[in-house]
2 protein chains.
Amino acid sequence: MSIHPLAGFSFRTDQSLQHQLRQALSQKILNGEIAAGTQLPSSRKLAQDLGLGRNTVTMVYDQLKQEGLIRSKQGAGMFVSEGIQARFQSEQGLENLEMADLPPISNSSQKLLKTPVSSQAASLPFAVGVPDLKAFPDKIWNRLQRAANQRPHLLGYTGIQGLLELRIAIAEYLQLSRAVKCQPDQIIVTAGAQAALSLVSQTLLNPGDKVLIENPGYQGAMRAFSSRPCNLEAIPLKNSKLDISKLPSRTHAKLLYCTPTHQYPLGGILDSSERLQLLHWARQHNIWLLEDDYDSEYHFNSKPFPAIQGMDTRSPVIYLGSFSKTLFPALRLGYLVVPSQLVDVFLHAKRNMSGETSPALEATLAEFISEGHFYRHLRKMRTLYHTKWLELTQLCETYLQGYASILASQAGMHMVLTFDYPNDKTAVNELVALGVHSKPLSNYFLPDIKEATDQNNGLVIGFGNTPTRLMPELVHKIRLVLTQSH
Amino acid sequence: MSIHPLAGFSFRTDQSLQHQLRQALSQKILNGEIAAGTQLPSSRKLAQDLGLGRNTVTMVYDQLKQEGLIRSKQGAGMFVSEGIQARFQSEQGLENLEMADLPPISNSSQKLLKTPVSSQAASLPFAVGVPDLKAFPDKIWNRLQRAANQRPHLLGYTGIQGLLELRIAIAEYLQLSRAVKCQPDQIIVTAGAQAALSLVSQTLLNPGDKVLIENPGYQGAMRAFSSRPCNLEAIPLKNSKLDISKLPSRTHAKLLYCTPTHQYPLGGILDSSERLQLLHWARQHNIWLLEDDYDSEYHFNSKPFPAIQGMDTRSPVIYLGSFSKTLFPALRLGYLVVPSQLVDVFLHAKRNMSGETSPALEATLAEFISEGHFYRHLRKMRTLYHTKWLELTQLCETYLQGYASILASQAGMHMVLTFDYPNDKTAVNELVALGVHSKPLSNYFLPDIKEATDQNNGLVIGFGNTPTRLMPELVHKIRLVLTQSH
C-alpha cells in the first residue's frame, strides 16, 4: 500500500535528523523520485524503518504539509500533492538557453564568461587565511549574540556608519594597540575587508586611474581595483617587503595599497624609518596610502611598529582592518579609518553599494571587545600560532631542506616555501589530491608582471586552522610532491 | 587620596553594568577627564558609591589593566597610566586638515562632498520598511544560530555562492510560493537587497548604459544604478503600477527594474496579462528585466500573481529577493536568481565586490526555513500586518478625509497619503518633531522628472513596526500637520 521512500538513506551527524529527513523527502518529491499521488508510509512505520523517534517523522510530515508538498486524506494517510513536480521540473528548459538568447552583459563580465570561480577548499589542512576556528570562544560569543538579538531595535536599521558602541570599541583598540589617531566618527564599519576595498575603490578612484600595488601582493585588493576598473602598476619587493627605493619619483598614480606590518604574502615588515619615507613620498606626490594593517595582531616576538596612519596628523592615509583573521571569517565585519572630511562620501558609497551592516552583529562584537574577550583571545591566539609556527618551521627545515627555501617571518598564520621545480600550480593540484591545501605563490603576482625569478614559484601554506599533530604527515606529503620532480 | 571619577553617572537598563562602567571609565581616561597618574578609588569604594557589586568593578579594573589604561602599584592601588592620553588626543590635529591638503577623490564622490547622508530615524513609529521586530521568534532563531556557531567550519570560508543547504531551501520556497523556475545552482546569496542590486549593476551594465525604472520607484535601485554610473530613464505609473503602454517601442536600454508584485512605493500589482506583455516587450527588445519581488509575501486577501521569472523558460529575467522584510533587516541576507550561464560571472563580481556572505548565518536561515519556522512566521505576520493595515486605513479614512487621499493596496507594510498642501518635505520635518516618522513621497521620484502633479506630494508611512495602540495618536498628529496648512 505504501512504498518506502528512503530505503538505504543514511544520516549525517552534523545536522539534526529532522532537518535531514525533511530535506531528503522534499528533494525526492520535487525531483519526481516520489511521484505525485504516492502514499507515504505512516509516521509510525517510517520512524521504525529509519530508527527515528516517531515525533521527528510527525514534525517533518507537518512541515511538508504546510509547504503544500504533501496532503492528508481523511482516514487514508499522507499523499504527495499533484502539480508540484511539473512546476519544479520545467526549469530544465532554461538549460538550453544560449548566451546569444539573452541580453548582453557588461564588458568586464564578458571577459570572465568562461572562467569558473576557483573554489576555496578551505576545509583541507594548510588552507590559507583561516584562523583556528575550534579555538574561538563560541560559548561567550553565543551568549552575547543572544543578548543582542533580544534587543529588538538591533534587528532593524540603525544607521549606515555602524553602531556607535562598536566604533568606540574599535577606536580604543586602534589607539592603544596600533597608535592609530582617530575618533569613532572616522570609523566606517564594513562587511569585511573585501567590501572595504571596494568602498575605497568607489570613493577615491575614477575608472582608469592608476593604482600602485605590492608585487607579489594581496589578490583581493588587485581584484577590487581591477574591477573598478583601475590600472594596476607593480612595485617590487626587497627582503620580502615593499622596496621603498623603487617608489616612482614621477607618477600620476592616485593610490598605493600596502601591507606594511606583515607583507602579504611574503611577510616582511617595514620599519619606522621606511614608514616615514613612504609617508613623505605619498604626501609629496599627493597620493593616497591605503594601509592594510594585515596580521598586526600576530607578531610573535615583538610589538609591531605603530601604524603609518598615526605617524603624522597630515596623513593621506586610509587605514583598513578586519575581524576575519582575529575572530572568524563568517563574522563578515571589517572597518576603515578615513579622514573626517571624507566620512560622508564614504557613507554615501556604502549605502549605494551594500547598505547597512548588521547592528545585532555589531553590538555582539562591541560587547565582546568591551568585556575584554577580544584582547584575551588575541593573546591566546598569538601563543597558539607561535607554537604552530615553531613546529611547522622545524618540520620544514628538517624535511624540506634542499628542496625548498623557507620564508618564515615571525608573525601571522601562513608560511611561504619557494622552489624552482616543480611548477607551483602543478604542485598545488597534486597536494589537493593528497588532501593538503596550499596556494601557488605565482598567483599572488600581477598577471602581466610574472618575470621568471627564483622568487615567484612556491607554495603559501596556512597553519592557522591546522592542528599541530597533523603537521608531520602534511609536511611529508609536501616533501613527496617536491622530491618527485628532482 | 582618591577622586570619585564617575560622580553623577547613571546606568541604562539595556546594557550590562560592567560594559557601561568600563566604557565610561575608559572614555574619561582617554579624553583626559581623569588625568594620567590619577589614583582610582578602590574597587570596594567605587562599588559602594555606585551601588554595584564589587565583582563588577574588579572585573572592569582588570580589563582596563589588560588594555594598559590603568596599572596597579604594589600596595598603593590603581592608577591611570601615563602617555595614553597624548596618543589619543593628538588626532585633534587632523580636524584642521582641509580637503585641499588631501589627494583627490573620485568624480562621483566630489559631487557628494557637501551632502550629509540622511539618517534613518528608524526607531520612530511609522518608520518605512521596518518589519515588526518584537514579533520575530528570537528564541528559535537563537537556538539555531547557537547550533550553527558550534559547527566550526561554518565560521570559516565555505564558498562564494552561499551555502548549498540555504540555496536548496530558497529554491523550494520560490518554486512553491512564487512559481519561480530555478535550481539551487542558479541562486546567489547576497548581503541583502542593496548588495544584490550593485551586483546586477556591475555584472550586466557598462558605465553610461541606459536603465529604465518605475517612477516613482525604489530609491535603493536608483542609487545602485546611478553609482555605476548608468543613465536612468523614468517609466510612469498608471493606477499605481508600471504603465505597460508607456514602455518605449524603440530603446537602447539594457535593463528595466520593476516591482510587479507590489509596486514600490504606490502598491499597484501587475496582473498576469500585463506580466506577459512586459516579458514579451523585454524579449523583443533584448532587455534584461530585473524583477524585484518586493512584498510578495504580504498580500492580505489573495495569493499574489506568480513571478514573471517563471512564466516562460526563455526569460531574460533576474529575480531579486531579500529576508530584510520577512525576517529582520539586520540579518543582511538576500539573493538573486540568475540564468545558469551567468552564475560564474555573478560569482566573480560578488567575490570582487564583497567576498563571501556568512555561512553561519546562512546555515541558521536554512534551518529556520527547513524546520518550517519561516512559513509559520510569514503566516503569522500576514495576519498581523492585515490587522494593522485595517486599523490604520480606518483611522486615516476617519480623520484625514478631505485632507489627504489614501493609497492603500491590500498588501505590505506601508501606506501612501497624497495631498496638495503642505509641501511633503516640510510635513515630514514637522512630524519628526512630533515623534512621528514618515518619508516624503517626492523623494521616490527621479530627481529630474518631478513635474508637479497631484500625485508626487505625499507621505509614505510604515506600519510594520508600529503597535496598533499607538496609531490613533499618530494619525492625529498627521492630521494636525495637514490641517495647519488649510
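**The interface between chains A and B**

Let me begin with the contact between the two chains: about 11,400 Å² is buried between chain A and chain B, and carbon and sulfur atoms give 53% of that area. Please keep in mind that this is a predicted model. In terms of residues, 126 from chain A are in contact with 125 from chain B.

How many salt bridges are there between chain A and chain B? The count is two. One of them joins R22(B) to E172(A), with 3.0 Å between the closest N and O atoms. On the side of chain A that touches chain B, the residues divide into 49 nonpolar, 49 polar and 28 charged. Polar contacts between the two chains come to 36 residue pairs, with both residues at pLDDT 80 or more.

I turn now to chain A as a whole. Chain A contains 15 helices and 14 strands, and its C-alpha trace spans about 85 × 60 × 55 Å along the principal axes. Of its 486 residues, 61% are buried. Considering contacts in chain A between residues at least 6 apart in sequence, 71% join residues at least 24 apart.

Helix α8 of chain A covers residues 193-204 and reaches 16 Å from its first C-alpha to its last, close to the 16 Å expected. Is α8(A) mostly covered or mostly open? It is mostly covered, with twelve of its twelve residues buried; among them are A193(A), Q194(A), L197(A) and T203(A).

Helix α6 of chain B, residues 138-149, also has twelve residues and a reach of 16 Å. Its buried residues include D138(B), W141(B), L144(B) and A148(B). What covers the buried residues of α6(B)? The cover includes α6 of chain A, together with α12 and α13 of chain B.

Side chains can pair when they carry opposite charge and their charged atoms come close. Here, E371(B) and R143(B) meet at 3.4 Å, N to O. This pair links distant parts of the chain: E371(B) is in the loop between α12 and α13 of chain B, R143(B) is in helix α6 of chain B, and 228 residues separate them. E371(B) counts as buried because its relative accessibility is 8%, whereas R143(B) is partly exposed at 39%.

Over all chains, the count comes to 26 salt bridges. Two further examples lie in chain A. D243(A) and K246(A) meet at 3.5 Å, N to O; D243(A) is buried, with a relative accessible area of 7%, while K246(A) is partly exposed at 48%. K477(A) pairs with E473(A), the closest N and O atoms being 3.4 Å apart. These two residues are four apart in helix α15 of chain A, so about one helical turn separates them. E473(A) is partly exposed, at 48% relative accessible area.

Why does Q263(B) count as buried? The reason is its relative accessibility of 1%, below the 20% cut-off for that class. A polar atom of its side chain lies 2.9 Å from the backbone oxygen of P216(B), and the side chain of Q263(B) reaches the backbone nitrogen of L266(B) at 3.0 Å. Leaving aside residues up to four places away in sequence, Q263(B) touches residues including E214(B), L237(B), K241(B) and G268(B).

Methods. Residues are numbered from 1 along each chain as its sequence is written. Chains are lettered from A and ligands numbered from 1 in the order in which they are written. This is a predicted model: local features need pLDDT of at least 70, side-chain atom pairs count only at pLDDT 80 or more; totals for chains, interfaces and linings use all residues. Side-chain values use heavy atoms; hydrogens and water are left out. Contact means heavy atoms within 4.5 Å. Buried area is the accessible area (1.4 Å probe) that two parts lose on being put together, summed over both. A salt bridge is a side-chain nitrogen of Lys or Arg within 4 Å of a carboxyl oxygen of Asp or Glu. A polar contact is a pair of N or O atoms within 3.5 Å; within protein, one must be able to donate a hydrogen and the other to accept it, and residues adjacent in sequence count only if both atoms are side-chain atoms. Ala, Val, Leu, Ile, Met, Phe, Trp, Tyr, Cys and Pro count as nonpolar, Asp, Glu, Lys and Arg as charged, and the others, Gly among them, as polar. The expected span of a helix is 1.5 Å times one less than its number of residues. Buried means under 20% relative accessible area, exposed over 50%, partly exposed in between (1.4 Å probe, protein chains only).
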